[in-house]
Amino acid sequence: MVVKLTMPEIMMVGAVATMRRGDSTLRGRVDRIQAGEHASWDTEVDGAAAELAFCKARNRYWGGTVNSFHGADVGSSIQIRQTWRSDGRLIIRDDDSDEHYYVLITGTVPTFTLVGWISGADAKNDAWRENPNNRSPAWFVPQSELRKF
């Protein structure tokens, strides 16, 4: 399912992403990805835009919360994970909730693809556990293992 955001939607995403990154910068939070300062701004914008794209596609409300770490992005139990890689995998970390549902979305502003979803408990399969960058191990769920919409 492909979703394209409109200019007003992109402007809304920009405001939320700026608040998120600004708050994190002021509080001295380090980006988990550690891809550099400019990359973290891009990551923030695309991540917020992916949340909105999911809500647009599923006719859900997007609250655009600011720095509610590990809380749901949508409703009370849906977390959105975005990657620019069309073949990217869904990343689940040790501190991610088993009770939440994780959605993989690929693309960048303005066009996104809703790939699929999985529960946190189901995602924590030992076969998918990796440490590709020697930072911290995580589960990398292949797209073929995600439930489709």
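The model is a predicted one. Pick K4 next. Its bridge partner in β5 is T111.

Now extend the selection to all of β5, residues 111-119. Then go to the turn. Two residues lie between β4 and β5, and the two strands form a hairpin.

Stay on β5 and select S119, which belongs to this strand. Is S119 buried or exposed? Its relative accessible area is 12%, under the 20% cut-off, so S119 counts as buried. Show what surrounds the residue. Beyond its neighbours within four places in sequence, S119 is in contact with D98, H100, Y101 and Y102. A polar atom of the S119 side chain lies 3.1 Å from the backbone nitrogen of D122.

Move to another sheet. Select β3, β7 and β6: these three strands form an open sheet in the order β3-β7-β6, with antiparallel pairing. β3 (90-92) and β6 (129-130) stand at the edges; each has a single partner strand, so one side of each has no neighbour in the sheet.

Finish on the pair β3 and β7. Strand β7 covers residues 138-141 and pairs with β3 over three bridges, in the antiparallel sense. Select I92 and look opposite: W139 in β7 is there.

Key: Residues are numbered from 1 along each chain as its sequence is written. This is a predicted model: local features need pLDDT of at least 70, side-chain atom pairs count only at pLDDT 80 or more; totals for chains, interfaces and linings use all residues. Side-chain values use heavy atoms; hydrogens and water are left out. Two strands pair if DSSP finds at least two bridges between them. Helices (H or I, at least four residues) and strands (E, at least two) are DSSP runs, numbered from the N terminus. Buried means under 20% relative accessible area, exposed over 50%, partly exposed in between (1.4 Å probe, protein chains only). A polar contact is a pair of N or O atoms within 3.5 Å; within protein, one must be able to donate a hydrogen and the other to accept it, and residues adjacent in sequence count only if both atoms are side-chain atoms. Contact means heavy atoms within 4.5 Å.
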